[in-house]
Amino acid sequence: MSNSRPQAVLFVCTGNICRSPTAHALLLHKARGAGLSIEVDSAAVSGEELGNPPDRRAVVEARRRGVAMPAHRARRVEPGDFARFDWLVGMTHAHCAALRRLAPPGQEGRVRLLLDYVPELAGEDVPDPWFGPPAAFVEAFDLIERGVDALLAELAREVAA
């Protein structure tokens with residue numbers, strides 16, 4: 001990681017309207033609270049939601065918990081993201097596999113599954129709440145928050161090193 005600029009994290013999900021924008025908002029919120037400067041963005045592995053804002057149900061759940069959803073429009077992962085971001089974090093194994101296929105040679109190891117940062121949840125996916133009831137957004141938020149908390153602790157250790 002470079003000490004000359006803030007660490008940069010890209011969260012990735014399918015359409016970039018539910019899970020990855022939630023992780024984006026949570027990490028920004030929690031990093032500010034911890035006094036850490038971190039660049040954060042989110043993107044999709046699919047193009048189906050390009051240009052759309054975050055899902056209103058994700059926005060409502062974030063707001064309910066006092067977290068502001070940043071102004072965001074869904075975008076796809078781009079080749080330049082591998083140069084721009086230190087951490088590329090997928091919500092599911094499928095997202096991580098897609099990121100590894102897109103990664104330049106030798107960069108595949110920088111891709112991580114969000115819940116791998118939480119030892120008791122390692123290997124688990126954050127389920128897609130899009131097709132579910134409002135409670136699915138609450139459950140997804142809870143899982144994402146656990147992953148973000150653990151990732152933030154790792155980022156803080158990197159800064160302190």
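Biologist: What should I know before I start looking around?

Modeller: Since this is a predicted model, local features need pLDDT of at least 70 and side-chain atom pairs count only at pLDDT 80 or more, while totals for chains, interfaces and linings use all residues. Residues are numbered from 1 along each chain as its sequence is written, and side-chain values use heavy atoms, with hydrogens and water left out.

Biologist: Okay, strands. Is E1 covered or open, and how do I read that?

Modeller: Strands (E, at least two residues) and helices (H or I, at least four) are DSSP runs, numbered from the N terminus. Buried means under 20% relative accessible area, exposed over 50%, and partly exposed in between, using a 1.4 Å probe and protein chains only. Now look at strand E1, residues 7-13: 7 of its 7 residues are buried.

Biologist: Which strands does E1 pair with?

Modeller: Two strands pair if DSSP finds at least two bridges between them. E1 runs parallel to strand E2 (residues 38-44), with 7 bridges joining them; Val9, for instance, has Val40 as its bridge partner in E2. E2 is mostly covered too, with 6 of its 7 residues buried. E1 is also joined to E3, again in parallel, by 4 bridges, and there Phe11 is partnered by Val89. E3 then pairs with E4 in the parallel sense over 3 bridges, where Gly90 has Leu113 as its partner in E4.

Biologist: Are the faces of E3 covered or open?

Modeller: Covered, both of them: Trp87 and Val89 on one side, Leu88 and Gly90 on the other, are all buried.

Biologist: How many aromatic pairs are there in the whole structure?

Modeller: First, the general idea: rings of Phe, Tyr and Trp (its six-membered ring) pair if their centres lie within 6.5 Å; planes under 30 degrees apart count as stacked, over 60 as edge-to-face and the rest as tilted. A search of the whole structure finds 2 such pairs. In one, the ring centres of Trp87 and Tyr117 are 6.4 Å apart and the planes make 50 degrees, so that pair is tilted. This pair links distant parts of the chain: Trp87 sits in strand E3 (residues 87-90), and Tyr117, 30 residues apart from it, sits in the loop between strand E4 (111-113) and helix H5 (134-160). Trp87 counts as buried at 6% relative accessibility, and Tyr117 is buried as well, at 8%.

Biologist: And the other pair?

Modeller: That one is Trp130 with Phe131, which is edge-to-face: 4.8 Å centre to centre and 85 degrees between the planes. Trp130 is partly exposed at 36%, whereas Phe131 is exposed at 72%.

Biologist: What sits over the ring of Tyr117?

Modeller: A charge sits over a ring if NZ of Lys or CZ of Arg is within 6 Å of the ring centre and within 35 degrees of the ring normal. Here, the charged end of Arg112 does that, 4.4 Å from the centre of the Tyr117 ring.

Biologist: Where is Asn16, and what is its phi?

Modeller: Asn16 lies in the loop between E1 and H1. Its phi is positive, about 65 degrees, although Asn16 is not a glycine. With a relative accessible area of 0%, Asn16 is buried.
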